[in-house]
2 protein chains.
Amino acid sequence: MNRWQEQLYSLLRFPSISTDSSHAGDVAACAEWLKSMIQESGLSAEIRPTPGHPVVIGKNEHKEGRLNVLLYGHYDVQPVDPLELWESPPFEPEERGGKIWGRGSTDNKGQHFAHLCGVAETMEEKGELPVNLTILLEGEEEIGSPNLRPFLEANREEFACDVIVVSDTGMVAAGVPTLGYGLRGIACCEFVVKGPARDLHSGCYGGVVCNPATVAAQLVASLHDEGGRVAIEGFYDDVADLEDWEREMWAKVPGVSGEGILAVTGSPALFGEEGFSSAERLWARPTAEVNGIGGGYQGEGSKTVIAAETMVKLSFRLVPNQKPADILAKVRKHLESHCPSGVILEIEDGHYGSAYHTDPHSKYGKAAQEALKKSFGAEPVLIREGGSIPIVQDFKEVLGADTLLLGLALPDCQIHSPNENFPVANFEAGIRMNKVLLEELGATV
Amino acid sequence: MNRWQEQLYSLLRFPSISTDSSHAGDVAACAEWLKSMIQESGLSAEIRPTPGHPVVIGKNEHKEGRLNVLLYGHYDVQPVDPLELWESPPFEPEERGGKIWGRGSTDNKGQHFAHLCGVAETMEEKGELPVNLTILLEGEEEIGSPNLRPFLEANREEFACDVIVVSDTGMVAAGVPTLGYGLRGIACCEFVVKGPARDLHSGCYGGVVCNPATVAAQLVASLHDEGGRVAIEGFYDDVADLEDWEREMWAKVPGVSGEGILAVTGSPALFGEEGFSSAERLWARPTAEVNGIGGGYQGEGSKTVIAAETMVKLSFRLVPNQKPADILAKVRKHLESHCPSGVILEIEDGHYGSAYHTDPHSKYGKAAQEALKKSFGAEPVLIREGGSIPIVQDFKEVLGADTLLLGLALPDCQIHSPNENFPVANFEAGIRMNKVLLEELGATV
């Protein structure tokens, strides 16, 4: 076990659960520990307060003519319940079977700490870094980063940079270095179908009034055609076509084949839009998903009511160049035009954000590819992410810089779940990657 | 206020809530009070224990050659919460605006007590009744009558009868005497659509796996065609056509017109199977209703998950001559054939019972019509009920006798709700009705 792994264990021992106010002291102590570690590696570091948990900032000496790189990570973690499912205590890290087990090992302590270790090694070996580096570690990612964007907006000049590096995503499979260059956007809304003024006896009134649960189901069913395509008029109007190189590369990417998805999700079968592979469906095609539906009696046994209302929560994953507000308007129009007259339909728009896309073949993208190749000893794959990472949008909008997503997580790292783990090999590759990456990025100037 | 109304108040003061074990003593005391009241009217009476709350039995002297009539009622009541919505305390009955307010005033104390008062008056006036009467008052109707059928089965000879009289249903409107001669049956089932092994992140997996909530909605949507007709193959195969006299009578029945239903339910519009009036839809046409649907995140805000499963509770109201088991088999076949391959569908059959139907033009039906006409001073309407009353099935199956449904409730009597009330006029008409009814029934022999 190398010295960095010992230090990572110290970092993992802090129960820095940001959502639980009883752990606020642990979050603060974790930030102090990181500040000290960064200082010991030869950089300056400070704790910066926010209205919530603090941000840890680290900087080397910035010099004229060098590339400005912002390295982002978060030191807060998810809660640990259900505790009884953990095979070893979540805040007592240990190695078993080549993996480091503990809450935060992958998300995100293990990933950003690998970068900090790489920086420390470079400082030891060379006395300086090849770029102007600013480290930004927040303590509120798991609660939606409520204070990060205001913090960035208040300190635009300080955090101005050429490129941003984030290791908080995944590799498609073990040993396959992965560069993410896109994220799907999101648009959420919720609708309620309202019928009778109160729950009705389904014997006394069944057959003469419209059942809101039935209408809600019909509206949900209307969102897709039989081929799995979203059936909302104009939904695909602005969808950018896949490029040929993407189709070719993604066809070879492991982990997003049918078997990989079935193994990880436990789904009985694959399903999706006709004419596209799973990778294309995940990374380059928009979706319409029901995230929640509820109405009437949901307890044990039966209660023969026609419920007064039924609620549906929807979210749409978006791709370039769909516009979230436009999509929400089209969804609203679709739902209203498909709703029968016997009920009242109320729609409320929720949060939304555009898809993110950068060019993996830009000079920074090429530097990232080179760093992945050298540190993992394998050709990197270029992918997009199916999910949405709001901070990446914030960086783009506030700082005007693109983000390289150099994920080190594996699909079975159990982030947010019991038995979170991080392969030692990925930790070590992450340290190597940071060193090569800063070198390669430094050479782009 | 007549003497009976004072006595009804005494009966209403017992908080005989059968579902609440802390009120078991009140239920028992209520039974004792009824036994005494029946004895005071000159009949014999006794309390008969069951594994739950007791049954009160009353009998006059049974003589050869007379009609055997069973009079059924229940002296237990629904709980009273939310208590703060009551305008006067639920167990402190009072008269306001021509109505008696209190829990149980309509359901069912006021209704069966009117019969007891009629019996008492006849006994006072004539010293005997024109029929062999057996009174059966149970204390568990509001919890599903778990012990009534076993009690009847154990005492078949004792309760053998020619006809059964029940006042526990409704009049279509104030001043319109109503004879019920049919009830819809019911068949319940529940299905669960299962997809991934756990809730999935809708960004990471949205688009490549089947969303169980979407499939559940599609299955619900498949149950009806656009005209509001149930779209399950063979669902209408055994449905008996309406008779001409029913169509003609029901067209004139007040209260089941559009406006009546909208006023009582608060629904924004009428809705139902094309080609049928509201009365026909309610009383003579079968339905498919969602009673509950639930899956995924139902809390505040959004949580972008693809939930592992979604549950739907269905019930089907049945009419003559649909067979419940046959309907459940057809529902199962329909759901299975409409379910896509990306999920697992699990269906569980629930409770069921056939529709009930008797002839309102039989000699007993004619006697009931005559009693209603004379006691209310108006021509009675003949209707069926949209709901299902299991005890009526039990009477038919165990005792082999038909039931006359001589309801005294009005649509705004608020049964099961705060501010339950019973019009004084209906109480008084009920007393008159009992006297005429026993006379008319006695004359059928």
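Visitor: Which residue does Lys99(A) stand opposite in β18(A)?

Guide: In this model, which is a predicted one, Lys99(A) stands opposite Pro423(A) of β18(A). Strand β5 of chain A, residues 99-101, is joined to β18(A) by three bridges, and the two run antiparallel.

Visitor: And what packs on that sheet?

Guide: Helix α14 of chain A, residues 424-442, packs on the sheet and touches β4, β5 and β18 of chain A, with its direction at about 60 degrees to that of β18(A).

Visitor: What is the strand order there?

Guide: The sheet is open and has three strands in the order β4-β5-β18 of chain A, with antiparallel pairing. Because β4 (94-96) and β18 (421-423) of chain A each have a single partner strand, they stand at the edges, and one side of each is left without a neighbour in the sheet. On average, with direction ignored, neighbouring strands of this sheet are turned by 30 degrees against each other.

Visitor: Changing topic: how are chains A and B related?

Guide: Chain B is superposed on chain A, with an RMSD of 0.1 Å, by a rotation of 180 degrees with 0.1 Å of shift along its axis. The two copies are thus related as by a two-fold rotation axis. The same surface serves both copies, since 100% of the contact residues of chain B recur in chain A.

Visitor: How many residues does the contact take from each chain?

Guide: The contact takes 70 residues from chain B and 70 residues from chain A. On the side of chain B that touches chain A, the largest share, nine residues, comes from β11(B). The residues of that side divide into 28 nonpolar, 33 polar and nine charged.

Visitor: What joins β11(B) to the other chain?

Guide: Five bridges join strand β11 of chain A, residues 287-296, to β11(B), and these strands run antiparallel. Gly292(A), for one, has Gly296(B) as its bridge partner in β11(B).

Visitor: Is β13(B) enclosed or open?

Guide: Nine of the 10 residues of β13(B), residues 309-318, are buried, so the strand is largely enclosed by the rest of the structure.

Visitor: Which residues touch the most other members of the largest nonpolar core?

Guide: Of the 259 residues in that core, Val69(A) and Val69(B) do.

Note on methods. Residues are numbered from 1 along each chain as its sequence is written. Chains are lettered from A and ligands numbered from 1 in the order in which they are written. This is a predicted model: local features need pLDDT of at least 70, side-chain atom pairs count only at pLDDT 80 or more; totals for chains, interfaces and linings use all residues. Copies are superposed by least squares on the C-alpha atoms of residues with pLDDT of at least 70 in both. Two residues are in contact if their C-beta atoms, placed from the backbone, lie within 7 Å. A nonpolar core is a set of buried Ala, Val, Leu, Ile, Met, Phe, Trp, Tyr and Cys residues joined through C-beta atoms within 7 Å. A residue is buried if 20 or more other C-beta atoms lie within 10 Å of its own, exposed if 12 or fewer, and partly exposed in between; C-beta atoms are placed from the backbone. Helices (H or I, at least four residues) and strands (E, at least two) are DSSP runs, numbered from the N terminus. Ala, Val, Leu, Ile, Met, Phe, Trp, Tyr, Cys and Pro count as nonpolar, Asp, Glu, Lys and Arg as charged, and the others, Gly among them, as polar. Two strands pair if DSSP finds at least two bridges between them. Axes are lines fitted to C-alpha atoms, for helices over the stretch in contact, and angles run from 0 to 180 degrees between N-to-C directions.
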